[in-house]
Amino acid sequence: MMQIEQQQQQPQQQQNQLMVQNSGSLSFSSHLSKEDEEISKSALSTFRAKEEEIEKKKMEVREKVQLQLGRVEEETKRLAVIREELEALADPMRKEVAQVRKKIDAVNKELKPLGNTCQKKEREYKEALDAFNEKNKEKVQLITKLMELVSESEKLRMKKLEELSKNIDSIH
């Protein structure tokens, strides 16, 4: 403390010496120097108090900033860990999804010609079925015609047999 006061008094003393040289009167300068000294001490102590207050506030703000930076670093680390975990979760799913999509594409490539073959076979089947049904219808018509002819033939034969039978009966 003493050193600080001595350091503060040195500029004051230099100022007083300048005033003595400028004024030319020793008594006047000593009178002013005591008042000046008191004002200077008061101003200096006020200035020092303000400086100390500013330094104190500066240190408080610096500490708050350091605390906030520490928190920010911790949060950044936590977010990085969370991001890594998310990426780790997403990677296997992406790989599996990509594999399934590739398989789907491969199956689609195989299905297309099979679908075309199936449609072709269905058309062939339908054509064959239509032809079968047409021939079956024709067969039914022919069977019906045959039955008619057989029936007609039997009638004619019966009639002929009756006539022959009458002719034989008439001979006798």
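Good morning. The model is predicted, so local features need pLDDT of at least 70, side-chain atom pairs count only at pLDDT 80 or more, and totals for chains, interfaces and linings use all residues. Residues are numbered from 1 along each chain as its sequence is written, and side-chain values use heavy atoms, with hydrogens and water left out.

Start with the fold. The protein has 2 helices and 0 strands. Helices here are DSSP runs of H or I, at least four residues, strands are runs of E, at least two, and both are numbered from the N terminus. Helix α2 covers residues 26–171.

Next, burial. Of the 172 residues in the protein, 3% are buried. Buried means under 20% relative accessible area, exposed means over 50%, and partly exposed lies in between, with a 1.4 Å probe and protein chains only. The accessible surface of the protein is about 16300 Å², and carbon and sulfur atoms hold 58% of that. Areas come from the Shrake-Rupley method with a 1.4 Å probe; for residues, only the protein chains shown count as cover.

Now the patches. The rule takes residues with over 30% relative accessible area and no salt bridge, joining like charges within 9 Å and nonpolar side chains (Val, Leu, Ile, Met, Phe, Trp, Tyr) within 5 Å.

Which residues make the nonpolar surface patch? L79, I82, L86, L89 and M93 do, over about 520 Å². Take L86, which is in helix α2. L86 counts as exposed because its relative accessibility is 54%.

There is a negative patch too. E124, E127, D130 and E134 form it. Asp and Glu count as negative, Lys and Arg as positive; His and the chain ends are not counted. Each charge is placed at NZ of Lys, CZ of Arg, CG of Asp or CD of Glu. E134 sits in helix α2.

On to salt bridges. How many are there? The count comes to 4. The rule is a side-chain nitrogen of Lys or Arg within 4 Å of a carboxyl oxygen of Asp or Glu. I will show three of them.

One pairs K41 with E37, closest N and O atoms 3.5 Å apart. These two are 4 residues apart in helix α2, so about one helical turn separates them. K41 is partly exposed at 44%, and E37 is partly exposed at 28%.

Another joins R78 to E75, at 3.0 Å between the closest N and O atoms. R78 and E75 are 3 residues apart in helix α2, so again the separation is about one helical turn. E75 is partly exposed, at 39%.

Then K135 and E138, with 3.7 Å from N to O. They lie 3 residues apart in helix α2, about one helical turn. K135 is exposed at 55%, whereas E138 is partly exposed at 36%.

That is my summary. Thank you.
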